[in-house]
Amino acid sequence: SLRVNLDMGKAAYGWMIMKDDNIPGTVVRTSTIPEELGRLVYLLTDKTGTLTQNEMIFKRLHLGTVSYGTDTMDEIQSHIINSYSQVHSQNSGNSTSSTPSRKPQSSAPKVRKSVSSRIHEAVKAIALCHNVTPVYESRAGVSAETEYAEVDQDFSDENRTYQASSPDEGALVQWTERVGLTLVNRDLTSMQLKTPGGHILTYYILQIFPFTSESKRMGIIVRDESSGEITFYMKGADVAMSTIVQYNDWLEEECGNMAREGLRTLVVAKKSLTEEQYQDFESRYNQAKLSIHDRNLKVAAVVESLEREMELLCLTGVEDQLQADVRPTLEMLRNAGIKIWMLTGDKLETATCIAKSSHLVSRNQDIHIFRPVATRGEAHLELNAFRRKHDCALVISGDSLEVCLKYYEHEFVELACQCPAVVCCRCSPTQKAHIVKLLQHHTGKRTCAIGDGGNDVSMIQAADCGIGIEGKEGKQASLAADFSITQFKHIGRLLMVHGRNSYKRSAALGQFVMHRGLIISTMQAVFSSVFYFASVPLYQGFLMVGYATIYTMFPVFSLVLDQDVKPEMALLYPELYKDLTKGRSLSFKTFLIWVLISIYQGGILMYGALLLFESEFVHVVAISFTALILTELLMVALTIRTWHWLMVVAEFLSLGCYVASLAFLNEYFGDFHVTGSHDLFSLFVSADVAFITTVTFLWKVSAITVVSCLPLYILKYLKRKFSPPSYSKLTS
């Protein structure tokens, strides 16, 4: 009975979660653990796509001496329009002349270039150095047979979209379109840009070096169709590019500044190649690609021979905006006593900035940035330094974490668990799962992992409760998780309302089902002991079946609709959630209290029936069973904290079923008489309706029921009066 009731309850909770209009799109993929949502202590979250939207917006262009933000993009636009109008006016006068922006660079590279020409070069580099392809929706009625016809039709089209391997690249190309240089066409060998004046510039792609997580950069060699110039463009992370570009005094500082603003940075550089240099490179590159041994190393070495003394063009900053309501959600979770750990693959500065901007780390809180450690001694010193700090957030990189866990696992986890927030940056997927298992092993508390990409699947599956977000990175995490949501903010309602209710309801339902079984067992024990321990069953056949089903099933199961506070109240006071982690709703203490209640009530019902019905002992079964059913219905009413109309229906339906069955069984088994005291079922069915409707029967049954239930009602009233639970202070 317990197993069946709890499983049906879990199914009901899952249905309620999926039908909640406040968290649309939520899917419950595991129907066995909704209660786990109600007692979480650690929440481990990914950053990109989970706390942030994974939608990049271009925010900053830095040229070394001048920086452009969102409010000064129109200046860049006017520079681009001017430089290209000069180019085309010169080209129309002299078709062989080169662009003015190239002249200073090609004829005298030492001459300081004007801001306009530097902007021109930077924007052109961003527009060319990528792996993005423009895509056009085919419109009905427009036939694009030739490539030219297709191009003409597409340029005037409004339905151009970009297909990019990463959101960063897409954001950069969309930005160049906004400032006037538009990528309109791309195939394997060439790409075409449209200038603000509507002219088409064609560039032939000679080589392309895709981005890899090891190299952290991508490069492209293009030839300008009009001038025949060959240029090698490259963009990548500052750690990879700082050694490749010519000496400068601003790159490192500006990268740090942008990272502190929460921007993702990319360094863009170029190198002009002569025809001879390119031919030499191409032959060596092809040779390396044909080698049988160490091909990858040889190819990388040839490419690296080009990556020297490159001209630094600009530094770009794109912003990955936070998801809606991330800040209030994280604050709510923190107030609910949940400790939040952010595990991300991003660099330390960006992760720290997002942790601050999302209020994962509160503004006035100290942050301890764990220095990079490589040896046991360094780890020991750093842990000692960290131990001296109190109530500060911890920021640590994956490499340092690996060293600490190798030598000082227990000490590190013990210290980290005391932190209000922990940020682990440059984390691999296996490290994320390892951290989850460490927390489970060392604390024994419930953990929850939330992520949106394939790299979070191992962490989601390792946690006690996994939540996946359907985002830009597909449904991998969502399908692997126990619960799937569409936005991070939904986690607040999922835990505070549904998790809390599921846990409290299951605790009440489980203990009540135990009480229901134990009370009838106590009555049987009392009955047998009175009759010299004869093995005579008190209730037989249909009564035993009916007791746990039609007579008490509906009211007891209606406890899954019970709630102590309204959902709005649970969200407003997340501190209520903190009480659940102590496990007071379901413990040995509460179980033993219910056992005592069962023994008391079972004893009262049986002894009361024997005392009051000495003269009509043949009716003891009908009398005790009627009192038992009434007691159960009253006990359900005592346990309920907030009435729902279905609960009232269930109470009266069960009572109606019981009253009807008295008459029904009497008629049905009217001719069914078995002699002998061993079959007391016949005594029950032969209890005629006339006796049941007498005042004597009614007052005696009422008396027994009152004695069994009234003391508990009084005790409950006194407890609420002198030691009210936290929720009752809010509901009053």
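**A tour of the annotated binding site**

Begin by selecting Asp452, which sits in the loop between strand S18 (446-451) and helix H17 (457-462); helices (H or I, at least four residues) and strands (E, at least two) are DSSP runs numbered from the N terminus. The model is predicted, so local features need pLDDT of at least 70 and side-chain atom pairs count only at pLDDT 80 or more, while totals for chains, interfaces and linings use all residues. Residues are numbered from 1 along each chain as its sequence is written, and side-chain values use heavy atoms, with hydrogens and water left out.

Asp452 is buried, at 0% relative accessibility (buried means under 20% relative accessible area, with a 1.4 Å probe and protein chains only). Next, display its surroundings: not counting residues up to four places away in sequence, Asp452 touches Asp46, Thr48, Gly49, Thr50, Ile469, Glu473, Gly474 and Ala477 (contact means heavy atoms within 4.5 Å).

Now select the set that UniProt, in an unreviewed entry, lists under "binding site": Asp46, Thr48, Asp452 and Asp456. Such annotations may be inferred rather than shown by experiment. These residues are spread over 411 residues of sequence, yet they cluster in space, with a largest C-alpha distance of 10.9 Å.

Finally, move to Thr48, in the loop between strand S2 (40-45) and strand S3 (52-62). Is Thr48 buried or exposed? Thr48 is buried, with a relative accessible area of 14%. Leaving aside neighbours within four places in sequence, the contacts of Thr48 are Asn54, Arg264, Asp320, Asp346, Asp452 and Glu473.

Methods:
Buried means under 20% relative accessible area, exposed over 50%, partly exposed in between (1.4 Å probe, protein chains only).
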